[in-house]
Amino acid sequence: MKRPTIRDIARLAQVSPGAVSLALNGKPGVSEATRQRIVEIAEAKGWTASQAARALSKSKADAVGLVLARPQASIDSERFYFQFICGMIEALTQRGQSLVLQIVDNVALELEVYRAWWTERRVDSVVLVDPLASDPRPDRLRELSLPFVSVGAGFDGGKAVLIDDGAIVEAALEHLAEQGCQRIGYVCGISNLEHSQVRQRTFMTACTRWGMEARMSNPTDYSELSGARELELLLSAPVKPDAVIFDNESLLLGGLPVLSAQGLAIPHDLAVLALEDSPVGKMVTPPVTAFDRDPSVLGAAAVALLIDADAPNEKVMETPHLITRGSTLRRVAS
């Protein structure tokens with residue numbers, strides 16, 4: 001979509017461009033009736049009066065936008081986005097740009113944010129996170145001609161930072177198979193996220209290949225509460241799993257008190273593995289086997305793809321390394 005210019009608004013209002021600038025800036029020099037007419041036309045064309053004058057006077061915002069569309073409960077205890085944002089800010093600062101961040105409850109509100117940012121010329125481009133299996137956001141960004149980079153999956157018309165989530169799950173199951181685990185519980189993530197679906201499909205097929213029994217939880221919202229609830233359900237089976245995988249740090253934090261309350265000997269009764277490392281996972285006894293991934297590197301990579309003139313269209317990140325700790329070393333423990 002083409003943004004209207006100050007001359008477009010002046011032509012529609014049948015006034016000079018200077019009169020439009022005065023009206024939108026709230027300065028004297030035009031009658032109240034003319035000011036009102038100009039403001040109404042600007043708003044009808046997709047501008048908000050409070051931002052229009054500043055937006056019309058600038059060709060670039062020198063800012064990148066990031067919207068997190070997650071329930072608050074799933075963000076509160078998750079370090080991933082804090083580190084991801086830190087990586088973005090450091091990379092943006094090095095390039096003389098800034099981050100515009102907004103947190104909303106759902107994707108519908110995220111779409112509204114993108115239109116508002118375009119209207120107000122708040123950002124020059126967008127980093128899109130948590131790609132969905134059927135994602136409406138790339139269409140909106142293409143409609144608005146807002147450049148974007150997606151983290152975790154690629155979309156037509158945008159750049160991408162790619163991660164092999166299937167390889168992460170494969171490595172986790174291979175390690176558990178080496179430890180003699182046979183019944184694998186998986187406390188999984190949000191069901192409609194692209195990376196969640198890749199992980200879940202890989203979990204089912206890889207368990208079959210390794211001759212393991214796959215026991216996948218219901219989808220969670222990545223909150224600690226949902227992690228505890230789903231782990232309790234997995235452990236309520238007549239024959240309990242002998243290993244459990246947590247999809248992220250928040251789910252692990254929710255599950256640890258459940259394991260303690262049930263008096264399970266880790267790793268002898270139940271091996272524990274997380275697909276995302278955390279300070280708590282390192283400090284508990286025994287410490288939790290997990291994948292070492294630095295989200296700040298992902299944030300910096302996304303910024304580089306968006307801004308650097310010689311950047312490629314995509315960057316494939318290295319598969320995180322599995323850090324083996326006491327929570328899965330069943331052979332040693334027994």
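**Close-up views of a predicted model**

**View 1. Helices α2 and α3 are roughly perpendicular to each other.** This is a predicted model. Helix α2 covers residues 17-24, and helix α3 covers residues 32-44. They pack at an angle of about 90°. Their axes are 9 Å apart. From α2, the residues in contact are Ala19, Val20, Leu22, Ala23 and Leu24. They meet Arg35, Ile38, Val39 and Ala42 of α3. By class, this contact has 8 nonpolar residues, 1 charged residue and no polar ones.

**View 2. Aspartate 277 sits in a loop between β9 and α13.** Strand β9 spans 271-274, and helix α13 spans 279-283. Aspartate 277 has a relative accessible area of 9%. That is under 20%, so aspartate 277 counts as buried. Its side chain makes a polar contact with the side chain of arginine 325, at 3.0 Å. Residues that aspartate 277 touches include Arg79, Lys282, Ala290, Phe291 and Ile323.

**View 3. A cis peptide bond leads from isoleucine 266 to proline 267.** Omega is near 5° here. Proline 267 belongs to the loop between α12 (249-261) and β9.

**View 4. A cis peptide bond joins threonine 285 to proline 286.** For this bond, omega is near -5°. Proline 286 lies in the loop between α13 and β10 (289-292).

**View 5. Aspartate 62 has a positive phi.** The value is about 55°, although aspartate 62 is not a glycine. Its loop runs between α4 (49-57) and β1 (63-69). Aspartate 62 is partly exposed, with a relative accessible area of 36%.

**View 6. Serine 145 has a positive phi.** Phi is about 55° for this residue, which is not a glycine. Serine 145 is in the loop between α8 (137-143) and β4 (148-151). Serine 145 is exposed, with a relative accessible area of 53%.

Notes
Residues numbered from 1 in each chain as written. Predicted model: local features only at pLDDT ≥ 70, side-chain atom pairs only at ≥ 80, totals over all residues. Heavy atoms only, no water. Axes fitted to C-alpha atoms, helices over the stretch in contact; angles between N-to-C directions. Helix = DSSP H or I, 4+ residues; strand = E, 2+ residues; numbered from the N terminus. Parallel < 35°, antiparallel > 145°, perpendicular 65-115°, else oblique. Contact = heavy atoms within 4.5 Å. Nonpolar A, V, L, I, M, F, W, Y, C, P; charged D, E, K, R; others polar. Buried < 20%, exposed > 50% of the residue type's maximum accessible area, 1.4 Å probe, protein only. Polar contact = N/O pair within 3.5 Å; in protein donor to acceptor, adjacent residues only side chain to side chain. Lists of a residue's contacts leave out its neighbours within four places in sequence.
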